[in-house]
Number of protein chains: 2
Amino acid sequence: MGIVVQKFGGSSVANTDKLFNVCKHIIKEYEKGNYVVVVVSAQGKTTDELIKEEQEITKMPNKREHDVLVSVGEQITISKLAMCLDKLGYKAISYTGWQLPIITTSVHGNARVKNIDTEKINNSLQEGYIVILAGFQGIDEQQDITTLGRGGSDTTAVAVAAVLGAEKCDIYTDVDGVYSSDPRVIRDVKKLNKISYDEMLELSSLGAKVLHNRCVEIGKKYDIPIYVKSTFEKESDGTLVTSQESLEDLSISGVTKEDNIVRITLIGKDNKIGRIYKVFSILADNDINVDIISQSFGEHICKDISFSINEKDLVETLELLNKYSEELNIKEIKDDKLYSKISIIGIGIANNPKVKAALFETLYENNINMHMISTSEIKISVLVNMTMADSALKALHKKFIEG
Amino acid sequence: MGIVVQKFGGSSVANTDKLFNVCKHIIKEYEKGNYVVVVVSAQGKTTDELIKEEQEITKMPNKREHDVLVSVGEQITISKLAMCLDKLGYKAISYTGWQLPIITTSVHGNARVKNIDTEKINNSLQEGYIVILAGFQGIDEQQDITTLGRGGSDTTAVAVAAVLGAEKCDIYTDVDGVYSSDPRVIRDVKKLNKISYDEMLELSSLGAKVLHNRCVEIGKKYDIPIYVKSTFEKESDGTLVTSQESLEDLSISGVTKEDNIVRITLIGKDNKIGRIYKVFSILADNDINVDIISQSFGEHICKDISFSINEKDLVETLELLNKYSEELNIKEIKDDKLYSKISIIGIGIANNPKVKAALFETLYENNINMHMISTSEIKISVLVNMTMADSALKALHKKFIEG
């Protein structure tokens with residue numbers, strides 16, 4: 001008898017019919033003889049509706065009270081799901097974040113899990129209960145309610161799996177796994193059977209938002225196998241997110257695209273060393289996320305800097321740079337738009353220098369210019385004109401995934 | 001600086017505008033220099049809607065999970081009200097039942113308050129916060145969520161006032177006080193300035209449902225002055241519920257009416273002593289509330305019993321009595337319908353034997369027959385034909401209140 005953790009997201013529990021559908025997945029694992037712990041999100045649009053009501057009161061809600069408000073969503077789901085299982089003749093018991101408790105940091109709206117008390121879970125499992133837990137929420141040391149931020153229920157599920165020493169964590173969602181690229185662009189998109197934690201981290205930070213980053217990080221740290229599966233398909237193998245060692249020898253896992261990227265270039269008056277630090281700390285203080293950075297060397301050593309940002313941040317970025325241009329000794333600010341960032345991700349990149357060459361060759365053959373390049377152990381990203389982005393995605397998917 | 005507890009019911013906090021309206025009452029007390037503790041119910045129809053969704057799942061919800069579900073209503077209200085006060089520039093902090101905690105018995109759906117920890121409330125008051133508490137809810141010794149049943153937020157408010165040693169407890173509602181009778185029947189109904197706890201208990205158990213019985217019991221036990229006031233009228237004196245000593249010399253406080261009463265008469269085969277006990281324990285086991293009981297004496301000593309029940313329980317009562325008639329040695333079961341119970345309530349009854357005589361005389365003068373009579377220290381109830389009930393109510397109100 002092993003412990004299995006299952007997580008069901010908001011669309012999987014959106015109404016009574018869907019709650020009973022979720023029960024099938026739970027009962028199936030339970031009838032196999034497993035101890036089953038279930039983590040759920042708020043139903044459908046519940047949280048959005050609470051936030052809409054909150055906005056009627058204030059555009060700047062007190063963060064502590066905001067967490068008190070939005071945490072009710074999961075509390076509704078756990079009680080209802082326990083009732084559904086009860087109705088079907090199974091013993092089920094629900095626990096909120098504070099009841100375990102799940103202790104977090106005090107950063108309201110974006111708290112991190114510090115500790116999960118497993119006593120009640122283990123006792124209830126031993127008594128034959130299916131245990132239903134509220135995702136997304138916890139309490140801090142002062143017993144104030146906290147929430148974990150976007151995708152927080154995934155994090156709860158994998159963290160619970162980690163502290164219980166669970167066999168696996170099944171993340172049920174409305175897609176049936178992790179795909180090699182965007183199915184809206186690529187016809188022959190491939191569902192991945194396995195992917196490493198690191199690749200998953202790169203994929204999810206690149207817009208293929210299937211799993212929350214922090215949940216993957218915890219999975220990696222405690223080596224919890226995470227299965228991404230469909231709630232709505234009867235037999236779904238899904239995608240297994242696991243450690244690198246157990247992976248099949250798949251060179252490249254995915255090809256991703258992120259649109260609406262702007263390249264900013266700063267021409268400096270001098271080659272003062274501290275300029276980069278100052279520019280990026282000003283932008284960071286204003287929550288502007290800078291992605292790829294490149295610096296020209298050679299003749300203009302340290303004088304010019306280019307970096308990419310999302311177009312939504314362009315106006316604010318230019319305002320800030322202009323405001324500080326004197327202090328930063330900037331002669332000229334240029335912005336080029338609009339680009340897309342195309343990335344290939346795979347553990348095969350690090351061990352195979354031919355991957356980079358093949359990428360550049362494929363783009364060249366398709367007459368696609370690169371405007372910035374960034375590389376890591378398992379990822380290569382390039383900026384291309386947004387008009388060429390789909391062609392680039394198709395060509396690279398054909399080369400690395402279908403080929 | 002004294003502590004003032006204010007309670008606002010569901011209709012008083014039903015939407016954003018009403019929440020801001022409630023803030024006016026709170027701020028007014030706060031600006032007087034008082035420490036203010038506010039207890040709130042769920043907004044408007046929130047609890048009803050949750051129960052409707054629950055009924056989609058099961059008609060027999062697990063009681064523990066039911067309390068997990070319905071307790072979210074007050075949690076939504078406390079966070080929103082704290083945000084409203086925050087928006088208006090006042091420091092406010094919310095606490096759920098478990099956060100204090102409010103410890104109750106484990107009877108889900110009808111728990112009783114055992115203890116309220118005042119540490120967080122007192123600390124927050126000292127720090128200048130207005131403290132907002134969720135009514136209706138608590139936790140038991142196992143940290144399971146409990147609810148206090150119908151009108152439970154009133155009970156929370158008066159219990160909080162008791163443990164804090166508050167100066168008073170203001171119960172804001174959608175009526176502006178306690179009235180001498182039903183304004184739908186009596187034109188010259190009189191708003192009471194003061195009423196004793198005991199009279200209030202009799203009034204509320206007789207259908208004038210302004211305050212929850214248990215809240216009045218706690219108020220009496222700890223001698224907390226309770227003011228019943230209107231949320232929606234600017235200057236409302238309301239009604240003060242207080243101890244007997246401080247009352248003006250008002251003989252009779254109220255005249256009430258309860259319709260749809262049936263009188264059951266059991267004719268026994270013998271005069272066995274235990275029959276009364278058995279009849280009423282069978283009915284009690286089936287949650288049938290027996291009200292007035294009378295027994296014939298004289299020739300038929302102990303043979304015949306009459307009692308009144310609500311008409312909604314008639315079918316079940318007759319089924320039970322027929323089922324056990326052999327065992328109970330009952331010869332005949334008669335049911336007479338439909339009656340109304342008319343009651344007069346007042347601390348003047350005990351000290352003035354003329355009140356009873358005046359009641360009987362008034363009914364006689366109006367040609368109204370009495371079919372059962374029941375008396376207590378502060379109440380006299382009679383059954384009259386339902387067709388005559390409004391006439392009886394008007395005649396008695398004129399005699400005892402207007403006269």
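Which residue of chain B comes closest to the rotation axis? Of the residues of chain B, B:V72 does, with its C-alpha at 2.8 Å.

The model is predicted: local features need pLDDT of at least 70, side-chain atom pairs count only at pLDDT 80 or more, and totals for chains, interfaces and linings use all residues. Residues are numbered from 1 along each chain as its sequence is written, while chains are lettered from A and ligands numbered from 1 in the order in which they are written.

**Relation of the two chains**

Chain B is superposed on chain A by a rotation of 180° with 0.0 Å of shift along its axis, and the RMSD is 0.1 Å. This is the relation of a two-fold axis. The superposition is by least squares on the C-alpha atoms of residues with pLDDT of at least 70 in both copies.

Chain B and chain A each give 25 residues to the contact; two residues are in contact if their C-beta atoms, placed from the backbone, lie within 7 Å. On the side of chain B that touches chain A, the elements giving two or more residues are helix 2 (46–57), helix 3 (63–70) and helix 4 (72–87) of chain B. Helix 4 of chain B provides the largest share, 11 residues. Helices (H or I, at least four residues) and strands (E, at least two) are DSSP runs, numbered from the N terminus. Of the interface residues of chain B, 100% are also interface residues in chain A, so the copies meet through the same surface.

**An open sheet in chain B**

Six strands of chain B form an open sheet in the order 14-15-13-16-18-17, with antiparallel pairing. Two strands pair if DSSP finds at least two bridges between them. Strand 14 and strand 17 (372–375) of chain B are the edge strands, each pairing on one side only. From one strand to the next, the twist averages 30°.

| Strands of chain B | Bridges | Facing residues |
|---|---|---|
| Strand 13 (residues 254–268) and strand 15 (residues 304–310) | seven bridges | B:L266 and B:I305 |
| Strand 14 (residues 293–295) and strand 15 | three bridges | B:S294 and B:S306 |
| Strand 16 (residues 330–345) and strand 18 (residues 379–385) | seven bridges | B:K341 and B:L383 |

Helix 10 (residues 314–328) of chain B lies across strand 13, strand 15 and strand 16 of chain B, and runs at about 135° to strand 16 of chain B. Axes are lines fitted to C-alpha atoms, for helices over the stretch in contact, and angles run from 0 to 180 degrees between N-to-C directions.
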